[in-house]
Structure formats: C-alpha cells, structure tokens
Amino acid sequence: MSVLSRGFGRGRSRPADDRLPPGQYDAGDAFPVLSAGPTPHTPLARWDLAVDDGTGTRARWTWEEFRALPHEALTVDLHCVTKWSKFGTRWEGVAVDRLLQDVPDPAPYVLATSDGGYTTNLPLADLTGGRAWVVDTYAGEPLAPEHGGPARLLVPHLYLWKSAKWLRRLTLRASDEPGFWETFGYHLYGDPWREQRYSGD
Ligand SMILES: Nc1nc2c(c(=O)[nH]1)N[C@H]1C(S)=C(S)[C@@H](COP(=O)(O)O)O[C@H]1N2
Ligand SMILES: [Mo]
C-alpha cells in the first residue's frame, strides 16, 4: 500500500544540529545549576584571584584590580557531561592570556581552585590562545552566585566541569594531576567532541 521507501521518515527528520557534540541534547532556554556543594558567598572586599606556581604567588588581583583589567565579550556554546548543551551564551571576562601575561615561563599544567575547595585540572595550552576566560558577567548582568559569581573560569571547548565556579586560584604545575571530578573517574581532559566523559573514554 505504502509507496514510501523504508527510511523515509528518518530522512525527513530534522538534520542533526552540528553545534551538538555526540550524546548531547539542546537544553534550550534552561540554564541548569550543577554544584557539588553549597554556594560560597565571599565578600568582594575579601575576594582575590591569584596565580601561583606551588612555591609562591606569581600574580594577584583584588576585585577592583580584576574589574579594571581589559574585558572581552564572548558568545559560546556550553556542554555539560550530564548531556545538556546550551547554545549562544553571552559572557564578559578577562582572557587567561592576559592573567598570565606577566608570569614568565609558566609550567605546562594548571590546577584551578575555587572557594569551597573544588578543583579541576587543565593543560596550560587549553587556557591560553584565546580559548579561556575568567568571566564576571553573564547575559549583560553580574554573574549570579549559583553560576559561579563573582567570577568563574570559562573553558567552553571542554566539558563544563572544567569551568570552575567561584574561581580563586590558578596553580601552575609540572604534571597533570586530577582535580575533584577527575579523581572520581571523570576524564582527565574532557573533550565533548571526542566524548571524553570518563577515564578510559
Ligand atoms: N566550584 C565549582 N565549580 C564547578 C562545579 C562545582 O560543583 N563547584 N560544578 C561543575 C560542573 S559539573 C558543571 S556542569 C558546571 C555547571 O555550571 P552551572 O551551574 O553554571 O551550570 O560548573 C562546574 N564548575
Ligand atoms: Mo557537570
């Protein structure tokens, strides 16, 4: 009876969105909050951001100093390992390149540390070259505490657990040691396009 060939329905389905890495879905307007612990509320007068090399502080900014650094606006897609992606998010922040500008010979790996003790590890090469920022503004407004305000790391080309909320410290290190989720079996690197969710992926 039907003159339609098998697979017709599949062929008519919407083409896959090429912004979506494998295994992800579009969360649309939702912006889920994923935090492993309570949201810290450090007063801005006591907030600072530091770069250290494990033996000493190499650079440090108070909140006012950080706010005075040149900020860039960026629009990026986010990919969480729990499978939601969010397209076209708008942020403002300071490129990590700028934060490391006066740090000579930085070691090749970084551990990001947050208020509350969360940590995550990244290669320095993924934080530089205009691919990572410390952001303090989301959609034109000060970054909300639940999303990492006053300032969070943003590394959109890796799964979102690498984008440490409530960032306070970048520690330069000779070797790539796992951070919080990486210790619990998440991938050491976390490339969404290669679906590197868990160690061994
Ligand atoms: N300090 C801190 N940063 C964090 C987390 C956290 O629990 N603590 N969760 C990570 C995870 S698993 C994800 S998916 C994103 C979630 O960011 P959002 O809550 O703004 O969506 O933050 C990441 N950064
Ligand atoms: Mo996550």
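This is a predicted model: local features need pLDDT of at least 70, side-chain atom pairs count only at pLDDT 80 or more; totals for chains, interfaces and linings use all residues.
Biologist: What makes the pair of alanine 36 and ligand 1 a polar contact?

Modeller: An oxygen atom of ligand 1 is 2.6 Å from a polar backbone atom of alanine 36. The cut-off for N or O atoms is 3.5 Å, so this pair counts as a polar contact.

Biologist: And which part of serine 114 lies 3.3 Å from a nitrogen atom of ligand 1?

Modeller: There it is a polar side-chain atom. With 3.3 Å set against 3.5 Å, the serine 114 pair is within the limit, so it is a polar contact too. Lysine 165 also has a polar side-chain atom 2.6 Å from an oxygen atom of ligand 1. The protein covers 97% of the 530 Å² of accessible area that ligand 1 has on its own.

Biologist: Where does ligand 1 sit, and why can you say "sits"?

Modeller: Ligand 1 sits in the largest pocket. The word applies because more than half of its atoms lie within 2 Å of the pocket's grid points.

Biologist: Which residues come nearest to ligand 1?

Modeller: Of the 20 residues around it, those are Pro32, Ala36, His147, Arg152 and Lys165. The shell divides into 13 nonpolar, four polar and three charged residues.

Biologist: What joins glycine 149 and proline 150?

Modeller: A cis peptide bond, with omega about 15 degrees. Proline 150 is in the loop between strand S9 (141-142) and strand S10 (152-154).

Biologist: What is listed for residues 37-181?

Modeller: An unreviewed UniProt entry lists "domain: Oxidoreductase molybdopterin-binding" there. In the model, that span is 11% helix and 41% strand.

How values were computed
Residues are numbered from 1 along each chain as its sequence is written. Chains are lettered from A and ligands numbered from 1 in the order in which they are written. Side-chain values use heavy atoms; hydrogens and water are left out. A residue is near a molecule or strand if one of its heavy atoms lies within 4 Å of it. A polar contact is a pair of N or O atoms within 3.5 Å; within protein, one must be able to donate a hydrogen and the other to accept it, and residues adjacent in sequence count only if both atoms are side-chain atoms. Accessible areas come from the Shrake-Rupley method with a 1.4 Å probe; for residues, only the protein chains shown count as cover. On a 1 Å grid over the protein atoms alone, a cavity is a set of points where a 1.4 Å probe fits but cannot get out, and a pocket is an open set with protein on both sides within 12 Å along at least five of seven lines; lining residues have an atom within 4 Å of a point. Ala, Val, Leu, Ile, Met, Phe, Trp, Tyr, Cys and Pro count as nonpolar, Asp, Glu, Lys and Arg as charged, and the others, Gly among them, as polar. UniProt positions are given in the numbering used here, feature names are shortened, and annotations may be inferred rather than shown by experiment. Helices (H or I, at least four residues) and strands (E, at least two) are DSSP runs, numbered from the N terminus.
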